[in-house]
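Dear colleague,

A summary of the findings follows it.

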Amino acid sequence: MASRLSAPLRPNSITVIPDRHDGDWEVEGPLHVSHVYLTNERLEHCRTLVGGRGNVELMARVGSEDAVTSQILVILSNPDVITDPAAQLLVDRAVDLLCIQLLRSHSIVQLPQSLANPRGGLARWQLRRVTDYMLAHLDKSIGLDELASQVGLSRYHFCTAFRLSTGLTPHVWLTRQRMMLAQRLLNDPNLSISEIALEVGYATPSAFAAAFRRIVGTTPRSFRRSL
């Protein structure tokens with residue numbers, strides 16, 4: 001008979017159910033839960049990205065306090081993020097970070113010291129190539145693999161190197177560039193908000209407006225009226 005695990009529910013707590021383990025929940029009262037299903041192939045891929053050794057074997061956890069994983073799950077449970085093509089870089093990075101955090105704190109995989117001491121930033125030509133690529137595709141959904149391949153790096157090392165070079169994550173840098181273009185396009189009264197949203201990579205005006213307000217501090221319509 002399988003052993004039964006139990007624990008009190010607390011904020012920032014997570015439950016890990018490894019492959020071939022049953023999950024049996026008995027919960028009383030209101031509860032908000034985010035579920036993320038990860039394939040063994042995705043976990044193995046992230047182990048390879050960071051140079052970990054040994055087979056991926058997650059440990060079963062119930063109600064384990066893990067604020068880092070909890071915050072990543074908040075991002076991945078936000079429907080405005082996971083359904084927005086313009087947030088593909090953020091989703092890719094969040095899933096990678098989730099896998100790495102599970103490997104770090106909830107598995108027996110041996111990870112290298114390079115996680116704590118990442119390599120330096122991008123070379124000048126690498127930074128120019130990847131930023132030029134992003135600027136040329138502001139209207140498209142861009143993934144981390146796509147960017148990393150431009151400079152011959154893994155997703156993990158590309159994100160680290162890009163942040164060391166610019167002080168920003170690829171998602172934040174790209175979002176700022178999209179908002180700068182959006183501000184220029186809002187000067188054209190012949191373009192609707194919906195058309196501008198598509199032009200800068202957002203599938204819906206609402207997703208565009210939310211990003212614009214977060215970066216610029218006002219809505220696209222208010223910004224246009226102020227011109």
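**Nonpolar cores**

In this predicted model, the largest nonpolar core comprises 34 residues, and Leu 147, Phe 158, Tyr 202 and Phe 208 have the most contacts inside it. Such a core is a set of buried Ala, Val, Leu, Ile, Met, Phe, Trp, Tyr and Cys residues joined through side-chain atoms within 4.5 Å; buried means under 20% relative accessible area, exposed over 50%, and partly exposed in between (1.4 Å probe, protein chains only). Two or more residues each are given to this core by α5 (124-136), α6 (144-150), α7 (155-166), α8 (170-185), α9 (193-199) and α10 (205-216). The largest share, 6 residues, comes from α8. Helices (H or I, at least four residues) and strands (E, at least two) are DSSP runs, numbered from the N terminus.

Another core, of 23 residues, lies apart from this one and includes Ile 14, Leu 58, Ile 72 and Leu 102.

Leaving aside residues up to four places away in sequence, Leu 147 touches Leu 89, Val 130, Tyr 133, Met 134, Ile 142, Phe 158 and Pro 170 (contact: heavy atoms within 4.5 Å).

**An exposed residue**

Arg 128 is located in helix α5 and counts as exposed because its relative accessibility is 55%.

**Confidence and conventions**

The mean pLDDT (the predictor's confidence in each residue, from 0 to 100) is 85 for the protein, with 88% of the residues scoring at least 70. Strand β2 (residues 61-65) has the lowest confidence, at a mean of 80, and α9 the highest, at 96.

Residues are numbered from 1 along each chain as its sequence is written, and side-chain values use heavy atoms, without hydrogens and water. As the model is predicted, local features need pLDDT of at least 70 and side-chain atom pairs count only at pLDDT 80 or more, whereas totals for chains, interfaces and linings use all residues.
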